[in-house]
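Please take the sequence and the model below and follow the charged pairs first, then the interface, then the sheet.

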Amino acid sequence: MMIVDKMEQSLRPVETPMVTYPPKYITMATGEKLVIRQIAREEVPHILEAVKPLMTVEADFYDIVASRIYSELLGYYRYRVKDEYCLIGTIDGVLVGIVNGRLIDDKVGMSYHTMTLKQGLRIGAQLFAAKMEYHLDFLNQEEVLIVAESPNGFKRWMIEYELESRPETWHELGGVPTFVLTKALWEKHKATKLGGRRPVKEELLKTAEHPILPATYAQIPGYKR
Amino acid sequence: MREVGIVGVGHSKFGKMSGGTFTDMLSMAAVQALDDAGVKTGMGHGVDQVFVSTMGAGILNKQSGIASALVDYLNLRPAMAETIENGPASGASAIKLGYMAIASGMCDCVLVVGGEMMRVVSGWEGTDFVATMLHPEAEYNYGLTLPAFAGLFTKLCMEKYGVTETDLSIVAVKNHENATHNPVAHIHVVPNLYCITEDEDAPIMNPYVAEPLRMYHCCPVSDGSAAVLLCAMDKADKFKKKPIKIAGIGQATDTHAVAEREVPTDLLAVRLAAQMAYKMSGLTPQDIDVAELHDAFQILEIVESEEVGFFKRGEGHIAARNGETKIGGKIPINTSGGLKAKGHPLGATGISQVVEIVKQLRGEATGRQVEGAKAGLAVNFGGFGNNVVATILTKEEA
């Protein structure tokens, strides 16, 4: 734990109180149960271990997404990003995906990244939808600023959610064109995009308490933890 | 007419190509097929002709003259080279032309390679590109797409024959299960029938694409390539592998505008193409041990299985329900995973189907082998059934 001296205090952003994302679960097409929950700040170092191996994977822009998530979560852990949060997905206790974002103010949210560790099950789509649910339904924001770093993201978010193009609006991720999910667009698409049930039964939630890091990655042939 | 066989097969992993050019992707399958047959490129390679099948390289990848490029890339000069386009049936059409080139005596050895790199564009752009094969005034201009046609077709089959959404899902689950044993398949995930049909989350995890078709009733968008090396049967002893004979090929066309068809639930071109192939091979539907049917949408596998004579009209879905099309069933269909789970890179598909039949007849389809398979049928479906090629392969007894 960092010593919170006067200098450190002055470096930290002022935090806005945020309601915690209530955990939920979704039955995947395979029958597996995807549990989505918010992590606490102290869990970040463990999650970073899952991200690290992907930082050199060029395919599908995993390198840039993993590197940026790594630095964003590190910033969250070390109090260098204001009002950040991170949701994770687990299946049978194994970490299968990560999403994060932050609040710009009480009305506008900023989506950072969506990263799927286990592919082929639409985990990324459900984690992204959960992130939007957090901003627009639980934090009652009016809109979320979104950018895409990979064609997959562009196809999934910009096109499928018919996001509003707002290139003149500034987003922290490097000045690439910004798109916006407004409350109206969210209400239009929510019914077909957002899955899941609450509450999560205690025993199922327990499996997600201490996420197991993936032993292998389809993105890294031959990798074994 | 000379007899023609297949002495080499190659297949790239279907899915998403990461990096590399269209020619790189084609070469993956082509080199495998040449290696499989024991053919070395360069001086004296013996390949007389190369056919490349693709529907969209010029549009999606901005590369035309692909066959000429591939011949040079593979060091197969001065082989003759042509690029073939016949929509999603381009692959089987290219094989047919290779067959004709050898049967006529003009060539002894023909390399046929097919491929598509479709994931460079969004799903909507890809769907629009595929829809360009529809009738421009009667269909395309009204916004019709292939999934839309398949949805309408499915609805008619539901009304007329009692096909249900669950039947479509049964076919999908079977094909996904088969694909888990095919290392080159695009998708290695097996959906659970209950979870994609009845579970509370099913509408989200298996959403409608074109009602009543849901996501698991449609093939994915895939990149990939496949190749076969054809030779004259009387020259086959020069190659490493024993030939699998092309015993029959049939092709038929139907009206371009689907609305002009007499019976909209019929796939007449499938029926006629299969009949031609049976006649040429001297075989009947009962002689076929394994089949690859063009299941871009799951309803197509059901109706094609009827049109090629495996089941009576209107009973294909019942056969699927009863497991008759599974491996070990009466007539295993789409042991490769089909277009549904193996993937559907348009120009590669017809060749990929033939590659699977060759592997089955050679006994090389590890994990999904149909025991004792001696004859196989592949049906490659172009447009919305307006141009279909059926190919029958047989294993020649020693």
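In this predicted model, B:Lys16 and A:Asp60 meet through their side chains in a salt bridge, with 3.4 Å from N to O. B:Lys16 sits in the loop between β1 (4–11) and α1 (22–37) of chain B, and A:Asp60 in the loop between α2 and α3 (62–77) of chain A, so the pair joins two chains. Neither end is classed as buried: B:Lys16 is partly exposed at 34% relative accessibility, and A:Asp60 is partly exposed at 24%.

A salt bridge also links the side chains of B:Asp201 and A:Arg197, at 3.0 Å from N to O. The count of salt bridges between chain B and chain A is four. On the chain B side of this contact, the elements that give two or more residues are α5 (123–131), α8 (193–197) and α9 (202–205). Sorted by class, that side has 12 nonpolar, four polar and five charged residues.

The extent of the interface can be given in residues and in area. In residues, 21 of chain B are in contact with 23 of chain A. In area, the two chains bury about 1700 Å² between them, and 59% of it is on carbon and sulfur atoms. B:Asp201, B:Ile204 and B:Met205 supply 35% of the area that chain B buries against chain A, more than any other three residues. Polar contacts between chain B and chain A, with both residues at pLDDT 80 or more, number eight residue pairs.

Salt bridges also occur within each chain. Side chains of opposite charge can pair when their charged atoms come close. Over all chains, the structure holds 41 salt bridges. One of them, in chain A, is formed by A:Glu15 and A:Arg41, whose closest N and O atoms are 2.7 Å apart. A:Glu15 belongs to the loop between α1 (6–11) and β1 (24–27) of chain A, and A:Arg41 to the loop between β2 (33–38) and α2 (44–51), so this pair ties together parts that are 26 residues apart in sequence. The two ends fall in separate accessibility classes: A:Glu15 is partly exposed, with a relative accessible area of 46%, whereas A:Arg41 is buried, with 15%.

In chain B, B:Lys241 forms a salt bridge with B:Asp36, and the closest N and O atoms are 2.5 Å apart. B:Lys241 lies in the loop between β7 (223–232) and β8 (244–253) of chain B, while B:Asp36 is in helix α1 of chain B, so the pair ties together parts that are 205 residues apart in sequence. B:Lys241 counts as partly exposed at 24% relative accessibility, and B:Asp36 is buried at 11%. Elsewhere, salt bridges that share partners join B:Asp266, B:Arg271, B:Glu306, B:Glu307 and B:Arg313 into one network.

The last topic is the sheet of chain A. Eight strands make up an open sheet with mixed pairing, in the order β1-β2-β3-β4-β5-β6-β8-β7. At its edges stand β1 and β7 (164–165) of chain A, each with a single partner strand, so one side of each is left without a neighbour in the sheet. Within the sheet, strand β4 (residues 94–103) of chain A and strand β5 (residues 108–116) of chain A pair in the antiparallel sense over seven bridges. A:Gly101 has A:Ser111 in β5(A) as its bridge partner.

Methods. Residues numbered from 1 in each chain as written. Chains lettered and ligands numbered in written order. Predicted model: local features only at pLDDT ≥ 70, side-chain atom pairs only at ≥ 80, totals over all residues. Heavy atoms only, no water. Contact = heavy atoms within 4.5 Å. Buried area = accessible area lost by both parts, 1.4 Å probe. Polar contact = N/O pair within 3.5 Å; in protein donor to acceptor, adjacent residues only side chain to side chain. Helix = DSSP H or I, 4+ residues; strand = E, 2+ residues; numbered from the N terminus. Nonpolar A, V, L, I, M, F, W, Y, C, P; charged D, E, K, R; others polar. Buried < 20%, exposed > 50% of the residue type's maximum accessible area, 1.4 Å probe, protein only. Pairing = 2+ DSSP bridges.
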